[in-house]
Amino acid sequence: MGCAISGLAAKAEFGERNTDAAASAVCPSGDQIQMIKESWKVIRDDIAKVGIIMFVRLFETHPECKDVFFLFRDVEDLERLRTSRELRAHGLRVMSFIEKSVARLDQLDRLEALALELGKSHYHYNAPPKYYSYVGAEFISAVQPILKEKWTAELEEAWKTMFQYVTGLMGQGYQEESRRQHLLTLSPKDRPEKSNTAL
Ligand code: HEM
């Protein structure tokens, strides 16, 4: 059985109501968690490669994502990016986050906190939520050939569910940070009082 996002994620700052689609995102079931963990044991040997493939494909299929990256936005030749040290480092950061997420699938409160924080930092990187879902799709195409015959429709569904869950939370963190920053731009007299906004 899945679980709707709750706990930390539901406690939006400044008493804002949680109306995002993310609020109804579902986390992977027990069986899906097992499948994800098993497949991760194979994928993790190739994390640097997967990280690069994922982002080069992301830039090919959604070139607008490249503009978010200060270091890559002017690189026209995507082949050059395949050997870029920076892209490798970035891919590894993202893959390490996925590794942490897999490890925390049994402690959803901790995973929620982590993904919300990551969404907040992405607000400051100017990387909006509409781009996050593309990453899951590219991850799936990158790992499929590594898992070969171990890849199944059920495993694909399990990874999709996990990405939807994590990126839903990231999107929520992004929105919370965006609201927080907006309120900080208001003069103190225009800021809503916490107790009134929950109504
Ligand atoms: C599943 C989706 C994603 C995950 C898990 C993810 C994860 C991460 C992580 C772990 C970092 C390292 C810094 C930190 O911890 O705050 C990072 C940095 C960053 N991400 Fe993402 N990210 C995702 C999607 C995206 C997308 C779609 C974009 C842009 C279109 C993006 C742009 C950036 C930028 C600009 C940085 C800062 C520069 C850098 O660390 O190289 N991210 N991301």
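Asn126 sits in the loop that links α6 to α7. Helices here are DSSP runs of H or I with at least four residues, strands are E runs of at least two, and both are numbered from the N terminus. The model is a predicted one, so local features are taken at pLDDT of at least 70 and side-chain atom pairs at pLDDT 80 or more, while totals for chains, interfaces and linings use all residues. Residue numbers start from 1 along each chain, as its sequence is written.

Asn126 is not a glycine, yet its phi is positive, at about 60 degrees. Most residues other than glycine have a negative phi. Lys148 belongs to the loop between α7 and α8, and with 8 other C-beta atoms within 10 Å it is exposed.

Zooming out, the protein chain has nine helices and zero strands. Of its 199 residues, 32% count as buried. Two residues are in contact when their C-beta atoms, placed from the backbone, lie within 7 Å. Among contacts between residues at least 6 apart in sequence, 81% join residues at least 24 apart. Two other pairings bring together separate parts of the sequence. Gln34, in helix α2 (residues 30-43), is 71 residues from Leu105 in sequence but 9.6 Å away in space, C-alpha to C-alpha. Ser84, in the loop between α4 (78-81) and α5, is 32 residues from Ile52 and 8.9 Å from it, again C-alpha to C-alpha. Both Gln34, with 13 other C-beta atoms within 10 Å, and Ser84, with 18, are partly exposed.

The largest nonpolar core has 38 residues, and Val50, Met54, Ala115, Met162, Val166 and Met170 touch the most other members. Such a core is a set of buried Ala, Val, Leu, Ile, Met, Phe, Trp, Tyr and Cys residues joined through C-beta atoms within 7 Å. At least two residues each come from α2, α3 (47-61), α5, α6, α7 and α8 (153-185), and α8 has the largest share, with nine. Beyond its neighbours within four places in sequence, Val166 is in contact with Ser101 and Ala115.

Ala115 is also among the buried residues of α6, which include Leu111, Glu112, Lys120 and His122.

The shell around it holds 16 residues, of which Cys65, Phe97, Ser121, Ala127 and Tyr131 come nearest. A residue is near a molecule if its C-beta atom, placed from the backbone, lies within 6 Å of it. Elements giving two or more residues to the shell are α5 (85-103), α6 (108-124) and α7 (132-147), with α5 giving the most, four. By class, the shell has eleven nonpolar, four polar and one charged residues. Here Ala, Val, Leu, Ile, Met, Phe, Trp, Tyr, Cys and Pro are nonpolar, Asp, Glu, Lys and Arg are charged, and the others, Gly among them, are polar.

Methods: Buried ≥ 20, exposed ≤ 12 C-beta atoms within 10 Å, placed from the backbone.
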